[in-house]
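Dear colleague,

I am passing this structure on to you, and below it you will find notes on what turned up when I went through it. Please keep it open beside the text as you read.

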Amino acid sequence: MLPYRLDIVIPCFNEGETIPVTIPHIIVYLDELKVDPALSLAHWRLILVDDGSQDGTWKYITSICAPSRICGVKLSRNFGHQSAMLAGLTHADADVVITMDSDLQDDIRALRDMLVAYESGADLALGVRSARLTDTTFKRETARGYYRLLSLMGVSIIEDHADYRLMSARALRALLAHGEVNLFIRGLIPSLGFTVSIIPYARRAREIGESKYTLRKMLGLAIDGITSFSVMPLRLIALLGVLVFVGRRSGSRSGGAAIFRAIYYTGLGIHAFAVAGTWRNSASVAGGDRRIYW
């Protein structure tokens, strides 16, 4: 294979305690990959994206920036992990791009497996966690429920794949062509249609700093995934409306509790309008020209 260039995009949010420890490890490993005789890697570059951090993250990034090897991108505020990742991807111009988190919970050795997959013809090499032994019971169960819910809603997604992935230049162009605003990148990836290679790896416990992916953010990401990729909830509500209507007609001759039925139907109507409003908002935002980062 001809020599190729690699860009690695790493979103950072309040990682001033973490990246001074993890980034040097990443640099050392990339240098090892560059001289690996089994690979054709000719050059690598880190793209560190500061997602509106309030600590020393940007100060550290600027201190290590070096022409052609390490560059920094600073967003004007905290736009969120997915937007920060996309900001870095729009700055990437190499033959192949890898996205990863800054805490090194995702095994860095999987980078080599991804590059091997790329050199074997894969346009997408997706890191998939082989086990969740380092997660709490709560996180494991909520993750399982999350994937089950997405599957039930008809969302095509690869279980236990987050944002640790390799993309060829043409796969990246296809991803960026979507122009999504309500970002759910891990849901877009399966729709690209390119050759995919699954890279299993063991996820490690976080040793430095704290996770920035709170339960609230995870729920927000799940909602974006459902509202952006599935109409199943709307169909279920429509079906429920038909059943309620039929049940109301069949029970209209009996006395019943009129007040209870009125409250029930009103609540059902409000719920249906709320869900429909969520979809309408997603469609209008995605069709607009609002910036997803700056």
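In this predicted model, the structure holds 2 aromatic pairs. One of them joins tyrosine 4 and tyrosine 118 edge-to-face, with 5.2 Å centre to centre and 75 degrees between the planes. Because tyrosine 4 belongs to strand S1 (residues 4–12) and tyrosine 118 to helix H4, this pair ties together parts that lie 114 residues apart in sequence. Tyrosine 4 is buried, at a relative accessible area of 2%, and tyrosine 118 is buried as well, at 13%.

The rings of tyrosine 164 and tyrosine 201 also form an edge-to-face pair, since their centres are 5.3 Å apart and their planes stand at 85 degrees. This pair links strand S6 (residues 161–168), which holds tyrosine 164, with strand S7 (residues 196–201), which holds tyrosine 201, across 37 residues. Tyrosine 164 counts as buried at 1% relative accessibility, and tyrosine 201 is buried at 5%.

A ring is involved elsewhere too: the charged end of arginine 77 sits over the ring of phenylalanine 79, 3.9 Å from its centre.

As for the cysteines, the count of disulfides comes to 0. The cysteine sulfur closest to that of cysteine 71 belongs to cysteine 65, and at 6.8 Å it is too far for a bond.

Serine 102, in the loop between strand S4 (96–99) and helix H4 (110–119), is buried with a relative accessible area of 2%. Leaving aside residues up to four places away in sequence, serine 102 touches several residues, including Ile10, Cys12 and Thr22; of these, cysteine 12 counts as buried at 1% relative accessibility.

Terms used: Residues numbered from 1 in each chain as written. Predicted model: local features only at pLDDT ≥ 70, side-chain atom pairs only at ≥ 80, totals over all residues. Heavy atoms only, no water. Disulfide = S-S within 2.5 Å. Buried < 20%, exposed > 50% of the residue type's maximum accessible area, 1.4 Å probe, protein only. Helix = DSSP H or I, 4+ residues; strand = E, 2+ residues; numbered from the N terminus. Contact = heavy atoms within 4.5 Å. Phe/Tyr/Trp six-rings, centres within 6.5 Å; stacked < 30°, edge-to-face > 60°. Lys NZ or Arg CZ within 6 Å of the ring centre and 35° of its normal.
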